[in-house]
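Please open the model in the viewer and keep a selection panel at hand. The tour moves from the whole chain to single residues.

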Amino acid sequence: MESIRSDADRGRLAAQSLWQLGLDAGEIDDPLTPGFARAALAELEHLQKRTPGVLREVLEGAQMSAEQLNVESFHGLIEVVQNADDLRASEVRVAVRKTGGQSVLLVAHNGERVELRHVVAMTLAFVSTKRDDPRAKGRFGIGLKSLGRLGERLTVHCAPYHFTIAGNQVSAASAKRSIVGFYDAASTETLLELQLRPGFEFEDFATWFSGIGSESMLFLDTVRSLRLEGPGQKRAVAYHRLIKVSAETVKLPGHAEPCSRTTLREPRTGRTWERYEIDKRVPSRLSRRYKATAKTTPIAIAIPGQSNDSGQIYAGLPLGVTTHT
Ligand SMILES: Nc1ncnc2c1ncn2[C@@H]1O[C@H](COP(=O)(O)OP(=O)(O)O)[C@@H](O)[C@H]1O
Ligand SMILES: [Mg+2]
């Protein structure tokens with residue numbers, strides 16, 4: 001009969017199993033207790049330090065390659081929003097704070113909680129927990145690494161998990177106190193804290209953030225609110241929000257699949273969009289590379305209710321490709 005193990009023992013064994021067998025080897029039953037989390041993080045840190053030299057070089061190469069992706073400098077935030085949407089968050093809050101002369105980018109979301117396997121996937125480039133999930137937008141396990149353009153140390157808080165990722169090394173971090181109106185440490189929310197490099201200009205970031213607009217959320221599954229607070233101020237510098245005004249199922253000429261038509265509205269300006277979405281059957285000869293393929297794939301277009309909006313192509317979030325009509 002198996003002996004009854006403490007949470008700490010189970011945490012240590014779970015970390016060893018993830019490290020030695022990989023994330024796909026089986027489900028980890030994560031009790032989300034401080035004892036389990038603390039022991040698992042300590043064990044991961046220990047195991048990582050003992051990575052054989054040549055594999056360490058491979059991992060460093062992977063990290064560099066993921067960080068070097070040719071994306072605009074603030075793109076990492078888009079990846080964080082996409083991850084929050086994969087975790088069914090409805091709200092993403094962003095702030096920049098100065099502590100001891102250094103600026104920190106804070107992002108909080110109310111999506112599903114961090115579990116042990118996420119710790120490994122967040123730490124190592126090219127490791128993803130999403131390849132078997134056809135609806136999740138992530139696939140390659142490199143999105144988060146594009147935050148490397150903005151800063152080197154990323155600390156993640158989602159009780160009982162508190163850890164810092166520096167480059168591709170994970171280590172335990174201390175818990176964070178609540179930030180009034182921004183992050184409630186007693187909740188199941190997740191807070192990401194990125195130490196920004198010198199040279200980060202809040203004004204440039206705020207301009208970029210304002211520019212992505214509420215329309216950036218048109219094709220997301222659950223995120224409907226995206227707010228940026230300024231340094232040392234409680235007032236939002238930019239607040240993107242969409243509300244669902246109505247939804248109905250309609251029939252589109254030439255398509256057998258039912259179409260769901262949703263009207264979305266930006267409350268601040270009254271701008272509206274009509275989003276038409278069908279779950280199109282995927283031809284059986286097609287499959288996605290390195291990603292589970294479902295029987296159907298969602299295809300959607302949104303038509304702005306105002307005539308001066310330009311067209312954009314999205315894959316969940318805007319791809320930065322405009323279209324002309
Ligand atoms: N906010 C988060 N909470 C929990 N896990 C996360 C979060 N963001 C990322 N992850 C984990 O880190 C992995 C890597 O994220 P990312 O680099 O964006 O790649 P991808 O989304 O393609 O998997 C994800 O597969 C997921 O397991
Ligand atoms: Mg991602």
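Predicted model: local features only at pLDDT ≥ 70, side-chain atom pairs only at ≥ 80, totals over all residues.

Residues are numbered from 1 along each chain as its sequence is written, and chains are lettered from A and ligands numbered from 1 in the order in which they are written.

Display the C-alpha trace, which spans about 60 × 55 × 35 Å along its principal axes. In cartoon view, the protein chain shows 6 helices and 14 strands, which are DSSP runs (helices H or I, at least four residues; strands E, at least two) numbered from the N terminus.

Next, colour domain 1 (8–238) and domain 2 (242–323) separately; these bounds come from an automatic or database domain assignment. Between the two domains, 18 residues of domain 1 are in contact with 17 residues of domain 2.

Now select helix H2, residues 34–49. H2 reaches 23 Å from its first C-alpha to its last, close to the 22 Å expected at 1.5 Å a residue, the expected span being 1.5 Å times one less than the number of residues. Which residues of H2 are buried? They are Phe36, Ala37, Ala39, Ala40, Leu41 and Leu44, where buried requires 20 or more other C-beta atoms within 10 Å of a residue's own, with C-beta atoms placed from the backbone. Show also helix H1 (7–21), helix H5 (116–123), strand S4 (161–166) and strand S5 (169–172), against which the buried residues of H2 pack.

Finally, select strands S9 (243–251) and S10 (258–265), which run antiparallel and are joined by 8 bridges; strands pair if DSSP finds at least two bridges between them. Serine 246 has threonine 263 of S10 as its bridge partner, and threonine 263 also stands opposite glutamate 274 in S11. In the hairpin of S9 and S10, glycine 254 takes a positive phi near 85°. S10 and S11 (272–281) pair in the antiparallel sense over 7 bridges, and glycine 270 in their hairpin has a positive phi near 80°.

Terms used
Buried ≥ 20, exposed ≤ 12 C-beta atoms within 10 Å, placed from the backbone. Contact = placed C-beta atoms within 7 Å.
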